[in-house]
Amino acid sequence: MLNTIALNKKNNKSDRINHSVKKINIFNSIDFGEILFLLLFTVSVAFKCFYFQYDSRLNGNLEFTEINKNMIISSIAVIFAIIAIISLIFFKGRKTALFVVNILITILVLADTIYFRYYYSAMTVSLIYQVGLVGSIGDSIKDLLNKSDLLLLADLPVMLIILICLSKYQRKVQKVTKFSFRIIISVTLAAFSIFTIKTVYGKTDNDIYNYDTNHVIKQMGLLYYHYYDAREFVKDNYLIDRNLTSDDKAELEQFFENKKKTGENFKGVAEGKNLIIVQVEALQHFVINRKTEAGAEITPNLNKLLKESTYFDNIYFQIGSGNTSDAEFLSNNSLYPLRDGSIYFRYPGNTFFSLPKALKAKGYNTYAFHANNSSFWNRSAMYQAVGFDYFISNRDYVLDEYIGWGLGDTSFFRQSLDFIDKTKPFYSFLITLSSHHPFNFEYFQTYEFDVGKYEGTLLGDYLKAINYADSALGRFIEMLKEQGLYDNTLLVIYGDHQAIIKSHSEELFDFIGEEYNEINWIKEQKVPLIIHGPGIENDKVISTIGGEIDIYPTIANLMNLEAPFVLGKDLLNTAPEEGYAVLRDGTVITDNFIYICSMDKAFELSTGREMSQEEYKSELETYHYELRISDIINQKDALKYINKNYKQN
């Protein structure tokens, strides 16, 4: 009996020991060092994403609104999804993998932050194809960096030290138990993340993503945006059928058949004349006819030219992420640029019914001039596609005046005129360079132009740069007169895009004496458009709302050119109440209202009153339809197939 009791006590003790061992084994299967590292990874990546959201001001100051709450939840869910994927892929070295991923995310967020400050959009997959541009915009990148950006790097040394310590002192655990535990946790975490992301996505206004990808960032977070962008890139480039369907063809032909035809005002008044278009780098409307505090005219030569020209003072730039190249595309093709990436890179093999080709059909020589690398923005390939006979680039010029990015505008104009065969009609398209961001080039450090209290600011540097650009244009006009070209040429001058970026909006609105708000900011995104030539009214101001897309159809009317597939309108035959501009992000400006796509709201132009959707929805759909038509044309090379009866060399 005593032996039995003793045996039972021994067995009970053994059971307690075995149970304790099991507890220890389960306890040991949890790697608390890894949990610490996962938490640090989550906090670090979340901070970087929210830093971008705050710096970009897409989500205001990250106040706890419904949109911001959804963005935060979505961002953390995506981070959990990344952790789940890494845990499933890596049996060993998971912490090292997390550290490497953190470095990659840091680089990406830093690139997004810098890029957004200038272009008001985050990086895209398409921009990887344009990575060669970085070398040429080094000065702009340096200017766009802030000291606070160092916060994005602060966690990396800490994580590296912790990683080394954990790797050195990490306890060994049972692999089988840990593998099972890892699979269960990873799958559960992935399922939770996907469910959360889909739930948040369902609450967003995702229809607007087609027009403005900033809405993806605003509502779903930066990391989800990059997933969305990669998915759309694969779909657009590898999954979508680029073949033009019969329905597409019918839709396009119906659109152009219904499009309002050009009127008769000024038709053909410049027929047979030379055409010179000057696209001035970063020339914005607000500097025209304006003086500094010291009373100096910023653009005296352009102001003088206005007296001999027709001036369109309500023209908006409509570029996308292709920036300067998009402005060139708009003015020479009257099609919208792409929502993502530069058309110069993505579709240089397309068929275009362009302004150079229309003039070539009339026996003109066609020239493109730009004192930069011929490969920059893939111009050498694209210029051939749109019909330029000659492209004169940096290798063709003598670098006898160095400013900023290369050859100064004064020398650029002088040398460019020497390349033109003036014995027959010509079209010359000149793109200037000296007034490029960041404007603070060494040449302008001693440039004598008093900008008063704005000395040393982005605005002050810009005013100096654009004053120099204006003086170069003044000398160019004098050369045209000296060579007998001024009175026999249709001269068109316009700006390509903004100069003052949103992060410096305070300087701009202080200078022009207005209050900053989103409506006024949109109103300032205008560029001057000046047309001088035979038959053109002198000292005439036309305030019809338009965009760079309207330049080609206006010129086509003046020169009596065939332009059957333009999306723009002839500004000389458009009534003021019929004017409008559609920006690439879906923002629309009309004579009645401004629809701001980033806010998904419309405001009455005269009063600033927020309008109900019923007041503008139908009209807005008509304007947005132009973006759809342009995308079909560009993505499916549609002009190669529609209306084959029309031939353009």
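Asn323 sits in the loop between strand S2 (310–316) and helix H12 (324–333); helices here are DSSP runs of H or I with at least four residues, strands are E runs of at least two, and both are numbered from the N terminus. This is a predicted model, where local features need pLDDT of at least 70, side-chain atom pairs count only at pLDDT 80 or more, and totals for chains, interfaces and linings use all residues. Residues are numbered from 1 along each chain as its sequence is written, and side-chain values use heavy atoms, with hydrogens and water left out.

With 5% relative accessibility, Asn323 counts as buried (under 20% relative accessible area, with a 1.4 Å probe and protein chains only). Leaving aside residues up to four places away in sequence, Asn323 touches Tyr118, Tyr119, Trp377 and His497, where contact means heavy atoms within 4.5 Å.

Now for a pair of helices. The axes of H4 and H9 come within 12 Å and cross at roughly 90° (axes are lines fitted to C-alpha atoms over the stretch in contact, and angles run from 0 to 180 degrees between N-to-C directions). The table shows who takes part.

| Helix | Residues in the contact |
|---|---|
| H4 (residues 94–119) | Ile105, Leu108, Val109, Asp112 |
| H9 (residues 222–239) | Leu222, Leu223, His226 |

Finally, let us visit a sheet. Four strands form an open, antiparallel sheet in the order S12-S13-S14-S15, and strands pair if DSSP finds at least two bridges between them. Its edge strands are S12 (580–582) and S15 (601–604). The twist averages 10° from one strand to the next. Four bridges join S14 (residues 593–596) to S15, and Ile596 has Lys601 of S15 as its bridge partner.

Technical notes:
Buried < 20%, exposed > 50% of the residue type's maximum accessible area, 1.4 Å probe, protein only.
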